[in-house]
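Q: I would like to learn how to read features of a model such as this one, step by step. Could we begin with its charged pairs?

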Amino acid sequence: MKEENKNFFQKVYEVARLIPYGRVTSYGAIATYLGAARSARMVGWAMNASHNMDDIPAHRVVNRKGLLTGKHHFDGTNLMQQLLESEGVKVKNLQIENLENYFWDPSIELK
């Protein structure tokens, strides 16, 4: 992995660790906060690479529509959904219901 990608991944993890319990954010919101608005996919790669790290709440990062697009990277059939629901987040058909009620925007929250 290139050194700049490694540094970007570390920055992504720093933000992800700050997502509050019971809240979610999107790949794009993290990318925008880090000044790399067109790098949502790279945030997704970072989340994918974080699954051996116990301190990264990757289940709290979804796509911009609230879809659990990273669910196949979690062990078990519905682990991502189960983790979110255990935090009080309502999920239906692999999508967060009323996303605006749970959305945490690092650009606003981390000023």
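Q: Which residue forms a salt bridge with Glu87, and how far apart are the closest N and O atoms?

A: A salt bridge is read from the distance between a side-chain nitrogen of Lys or Arg and a carboxyl oxygen of Asp or Glu, with 4 Å as the limit. In this predicted model, the partner of Glu87 is Arg60, and the closest N and O atoms are 2.9 Å apart. Glu87 lies in the loop between helix 4 and strand 3, while Arg60 lies in the loop between helix 3 and strand 2, so the pair ties together parts that are 27 residues apart in sequence.

Q: Are Glu87 and Arg60 buried or exposed?

A: Burial is judged by relative accessible area, with buried meaning under 20%. Both Glu87 and Arg60 are buried.

Q: How many salt bridges does the structure hold, and what does Asp55 meet?

A: The structure holds 2 salt bridges. In one of them the side chain of Asp55 meets that of Arg17, at 2.7 Å from N to O. Asp55 belongs to the loop between helix 3 (40-49) and strand 2, and Arg17 to the loop between helix 1 (3-16) and strand 1, so this pair ties together parts that are 38 residues apart in sequence. Asp55 is partly exposed at 44% relative accessibility, and Arg17 is also partly exposed, with a relative accessible area of 37%.

Q: How should I read the buried residues of a helix, and which are they in helix 4?

A: An α-helix has 3.6 residues a turn, so residues three or four places apart point the same way. In helix 4, which spans residues 79-86, the buried residues are Met80, Gln81 and Leu84. Seen down the helix axis, these buried residues fall within an arc of 95°, so they line one face of helix 4.

Q: What do the buried residues of helix 4 pack against, and what follows the helix?

A: The packing partners of these buried residues are strand 2 (61-62), strand 3 (91-92) and strand 4 (95-96). After helix 4 comes Gly88, whose phi is positive, near 90°.

Q: Where is Ser26 found, and what does its side chain reach?

A: Ser26 is found in strand 1 (residues 25-26) and counts as buried, at 6% relative accessibility. The Ser26 side chain reaches the backbone nitrogen of Ala29 at 3.0 Å. Leaving out residues up to four places away in sequence, Ser26 touches Val61, Val62, Asn63, Arg64 and Phe103.

Q: What is Tyr33 in contact with, leaving aside its neighbours within four places in sequence?

A: The contacts of Tyr33, with those neighbours left aside, are Val15, Pro106, Ser107 and Leu110. Tyr33 has its place in helix 2 (residues 27-33) and is partly exposed, with a relative accessible area of 32%.

Q: How many helices and strands does the protein chain have, and what radius of gyration would a compact globule with 111 residues have?

A: The protein chain has 6 helices and 4 strands, and from the N terminus on its elements run α-β-α-α-β-α-β-β-α-α. A compact globule with 111 residues would have a radius of gyration near 13 Å, and the protein chain, with 13 Å, agrees with that. Of the 111 residues, 40% count as buried. Among contacts between residues at least 6 apart in sequence, 64% join residues at least 24 apart.

Terms used. Residues are numbered from 1 along each chain as its sequence is written. This is a predicted model: local features need pLDDT of at least 70, side-chain atom pairs count only at pLDDT 80 or more; totals for chains, interfaces and linings use all residues. Side-chain values use heavy atoms; hydrogens and water are left out. Buried means under 20% relative accessible area, exposed over 50%, partly exposed in between (1.4 Å probe, protein chains only). Helices (H or I, at least four residues) and strands (E, at least two) are DSSP runs, numbered from the N terminus. The arc is that of the directions from the helix axis to the C-beta atoms. Contact means heavy atoms within 4.5 Å. A polar contact is a pair of N or O atoms within 3.5 Å; within protein, one must be able to donate a hydrogen and the other to accept it, and residues adjacent in sequence count only if both atoms are side-chain atoms. The radius of gyration is taken over C-alpha atoms; the globule rule is 2.2 Å times the number of residues to the power 0.38.
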